[in-house]
Amino acid sequence: MQELEKLKSELKQVNLEAAKIRDLPVEERAEFGKKINAKRQKILSDIQEVERHLADAAVDAIDVTAWCGINEGLPEFYSCEAGSEHPLTAEIRRVAGIYRDLGFDVMESKQLDDEFHMFDSLNFAKEHPARDGYDTFRTEEGFIPPAHTSTMQHRVLKMYKPKLDEGKAIAVVVPGRVYRNEDVDATHEHTFYQCEGVYVSKDCTMGNMLAILREFFEKYYEQKLEIRTQPGYFPFTEPSLEFLIEKPKSLGGKKGDYLEMLGCGMIHPNVLKMAGINPEEYHGFAWGGGIDRLVMLRYGLMDVRYFESGNLKFLREFCK
Ligand code: DAH
């Protein structure tokens, strides 16, 4: 760099010198011009040379063969650490697999939805305060990143309605990512996962729903469980329940230690009607609950924020 500065100041000097040509007698001017021009050309080509070197050096500074640092803590001969599924992805597969074994289809939820699927299709009255209970984010255009997987209920009902016409039942679960504008702490994340379940047939009952849910939780936690329900309120189910399980003893639970795992109920007749299903002829039940919470209990995790943190130390704990 210093060399370049030196050459540039030499060039300035030569240019000043060249200006003196006007003060010389005419017969000396040609000789002087030749000399000064040669000097200038030499300096200009030196400048070019130095600049080329500097540009090359700048490229050399990026060593594309250098270690990229992802192997920190591993023996040097590892060229790259093998990746693995994110623990939530693995658990979502497990959840979906259990429901599939019980005869359910699995559908994926949407990442961006609208007012109709978030609220109207689920029997939320216009201006009803229950809409505010969901702390939704909104895009400038008015779209909603879904605050629950129930946004998929209307789509499931419409898409699977032909099954009812064939005399079969609708049985679908929808795992998906959901978003809420919440203050984040150890038990609340703005981005988390839920799994929705929808079942419709001519003769299903709440007893069937409780049996399915018990079966699911016993399979998921690989042990017999006590279950309990308590009244709840959701505009899209009537009656609505909260479903609880007794905290598994193997996971540190004591007798009478119940945990609320999901919301559920019999699908409201208006929800069926909006999807073109006659509530006089068909009944349905639905449920929805957090997957993160399910997984936290299974592995004894105390902080939901780990899941979205990208913390490699945490993720490696789950490498198979
Ligand atoms: N979507 C509700 C929530 O996130 C949970 C829920 C309750 C889902 C009742 C359902 C249901 O399908 O029937 O708070």
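The largest cavity of this structure is lined by 13 residues, and Cys195, Phe216, Leu262, Gly289 and Leu294 are the ones nearest its centre. The model is a predicted one. Its strands include 7 that form an open sheet of mixed pairing, and two of them, β6 and β7, also contribute to the cavity lining.

**Cavity**

- The structure contains 1 cavity of 30 Å³ or more.
- The space in the largest cavity amounts to about 80 Å³.
- At least two lining residues come from each of α3, α6 (206–221), β6, β7 and α8 (291–299).
- Strand β7 provides the largest share of this lining, with 4 residues.
- By residue class, the lining of the largest cavity comprises 10 nonpolar and 3 polar residues, with no charged residue.

**Sheet**

- The strands of the open sheet follow the order β1-β2-β3-β7-β6-β5-β4.
- Strands β1 (105–106) and β4 (227–231) form the edges, each pairing on one side only.
- Pairing between strands of a sheet runs through backbone hydrogen bonds and is either parallel or antiparallel.
- Strand β6 (residues 258–267) pairs with strand β7 (residues 283–290) in the antiparallel sense, over 4 bridges.
- Cysteine 264 is placed opposite tryptophan 287 of β7.

**Helix packing on the sheet**

- Helix α3 (residues 87–101) packs on the sheet and touches β1, β2 (170–179), β3 (191–201) and β7.
- The direction of helix α3 makes about 10° with that of β3.

Note on methods: Residues are numbered from 1 along each chain as its sequence is written. This is a predicted model: local features need pLDDT of at least 70, side-chain atom pairs count only at pLDDT 80 or more; totals for chains, interfaces and linings use all residues. Side-chain values use heavy atoms; hydrogens and water are left out. Two strands pair if DSSP finds at least two bridges between them. Contact means heavy atoms within 4.5 Å. Axes are lines fitted to C-alpha atoms, for helices over the stretch in contact, and angles run from 0 to 180 degrees between N-to-C directions. On a 1 Å grid over the protein atoms alone, a cavity is a set of points where a 1.4 Å probe fits but cannot get out, and a pocket is an open set with protein on both sides within 12 Å along at least five of seven lines; lining residues have an atom within 4 Å of a point. Grid points are joined across faces, edges and corners, and a volume is the space filled by probe spheres set on the points. Ala, Val, Leu, Ile, Met, Phe, Trp, Tyr, Cys and Pro count as nonpolar, Asp, Glu, Lys and Arg as charged, and the others, Gly among them, as polar.
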